[in-house]
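User: I've got a two-chain model open and would like to talk it through. Can you take my questions one at a time?

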Amino acid sequence: MEWETVIGLEIHAQLSTKSKLFSGSSTEYGQEPNTQANVVDLAMPGVLPVLNAEAVRMAAMFGLAIGAPIGRGNVFARKNYFYPDLPQGYQISQFDKPIVELGHIDITLENGESKRIGVTRAHLEQDAGKSLHKDFAGMTGIDLNRSGTPLLEIVSEPDMRSAKEAVAYMKKIHELVQYLGINDGNLQEGSFRCDANVSVRPKGQKEFGTRTELKNINSFRFVERAINLEVERQIDLLEEGGEVIQETRLYDPDKNQTRSMRSKEEANDYRYFPDPDLLPVEITDEFLDEVRASLPELPQVKFKRFMQEYGLSDYDAGVLTANRAVADYFEAVAKDSGEAKLSANWVIGELSSHLNNHDLLITDSPVSSEMLTGLIKRIADKTISGKIAKEVFQALWEGEGSTADDIIESKGLKQITDSGAIEAMIDEIIANNQAQVEQYRSGKDKVFGFFVGQVMKASQGKANPAQVNQILKQKLAPESE
Amino acid sequence: MSLSPEEVKKIAYLARLSIEEEHVEQYSEDLSSIFGLVEQMNAAATDDIEPMAHPQNAMQRLRDDVVTETNQRDKLMANAPLKEDGLFLVPKVLD
């Protein structure tokens, strides 16, 4: 039987506020345990939550960016469950009146086509603390620093039909929240987390199959793997005449398998009700106008503009707009150097590979956009060749100089374009390598590369490559004998 | 409408309340009588009235995004029965 996969994602994006959703505690990551949890975050008796205005603004930004209506009187509700890292005994979340209503985002499929994915809703909620299951004499340690940190839970429609589509959607949302500056995009630190609802059904069937929820899939690679594994498991089960049980499953990346997490049915009885400690959140037209005016250029728009304005291919434009800091860096270099294509090649090539190798973000690059601009200008005006430029780049990266010009000067890397000087070098090389000259003239074209190499060696890479090729061709031609 | 003894037990479990078997019947009656009151309210004509999320007809006040709290860990953990390395210790929980 042919099966169809149906996937919906729930993404938890931690909002980049300084303080928590309902208290004035810091949200900074990686601090000593329980040093950033106050009486509200610890749910001491008698405390009351006071809502963070910035979290509301960030959620509204997201809503506007996905073309969604913003809930004019959105309401907080209590989601009740017991867990030691949730001191309130309930999570303050939103239920039937979320801040962001139905919107959408477009993803690009492998064949280049665009597909629209519905975003059912996005709502504000508090994060829980952390349980540490290390060995504390058979006990569990609780750190409540994360307790009360603002999250935007972004729920998609079950619109995705493969693990690849799910990853493409997750990446789009990841890119968008960073563009908006409402999330730092850090999957390792858990500021961007993803759960997937997965089911299968016979192709052509209208009703959805029974779904399972996959948790703990916090990298793009794991999302794809975990979904594919789960799809396989469900199909095997159904084809053997079994049935899928609605449950939560945990992905184990080490064993590359999913396993059942909770079996107790009542675990999912959250008994939501409006939180009596909080009033509805008012969203006015003036507020929305302000938020709309503060929206940055969105990735899709920037992508199209880069292709038009800088004549980039869709591949280059895609890579350069996937991250706002990268886009800004590229645009600064392209504008100041006037060499868009060269700038794109250097940002995507040399710069990105250095950043990857050193595990650095572009914002921490030792080679600033001004430094790269200076380098590109010297390639464009032929002061240096592309090959020497890599050497200059390396020197800039290692802090051997603050501008490309300094390094070209101090290392004597200026390109040799004096054809007389190049000719002299070539004459000497031809004189010393008669055997290779014979080979070349008898039709072994490959030997040409040997001569280019020799000239480059003699000039320490500084001879202008185009001139070297041209002069070598003349000198090696049989008629020049 | 009334609550069955099974429903009472389920609610107690969800609230992590331990109740004696002999009291289930009494709880069932007490809780059911609350439903009686709700049903009485249901009888009121509310067709043209917009539902409210809160009895006060007011909107939420917001606070600026400013960190106002300092580290009070020692005081806040003073009466925790068990702690280690700055963590609260609780009976082992496993998913």
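User: Over how many bridges do strand β4 and β5(A) of chain A pair?

Analyst: First, this is a predicted model, where local features need pLDDT of at least 70, side-chain atom pairs count only at pLDDT 80 or more, and totals for chains, interfaces and linings use all residues. Residues are numbered from 1 along each chain as its sequence is written, with chains lettered from A and ligands numbered from 1 in the order in which they are written. Strands here are DSSP runs of E, at least two residues, and helices runs of H or I, at least four, numbered from the N terminus; two strands pair if DSSP finds at least two bridges between them. Strand β4 (residues 76-80) of chain A and β5(A) run antiparallel, and the number of bridges is five.

User: Which strands stand at the edges of the sheet that β5 and β15 of chain A belong to?

Analyst: The sheet is open, antiparallel, and ordered β5-β4-β15 (chain A). Two of its strands each have a single partner, so one side of each is left without a neighbour in the sheet: β5 (90-94) and β15 (273-274) of chain A.

User: Which residue in β5(A) is the bridge partner of Phe76(A)?

Analyst: Phe76(A) sits in β4, which covers residues 76-80 of chain A. Across in β5(A), its bridge partner is Gln94(A).

User: Which element of chain B gives the most to the side that touches chain A?

Analyst: Counting residues as in contact if their C-beta atoms, placed from the backbone, lie within 7 Å, the contact takes 35 residues from chain B and 44 residues from chain A. The elements of chain B giving two or more residues are α1 (5-14), β1 (62-63), α3 (73-76) and β3 (87-91). With five residues, the one that gives the most is β3(B).

User: And which residue of β3(B) is the bridge partner of Gly141(A)?

Analyst: Strand β9 (residues 139-143) of chain A runs antiparallel to β3(B), with four bridges joining them. For Gly141(A), the partner in β3(B) is Leu89(B).

Methods
Contact = placed C-beta atoms within 7 Å.
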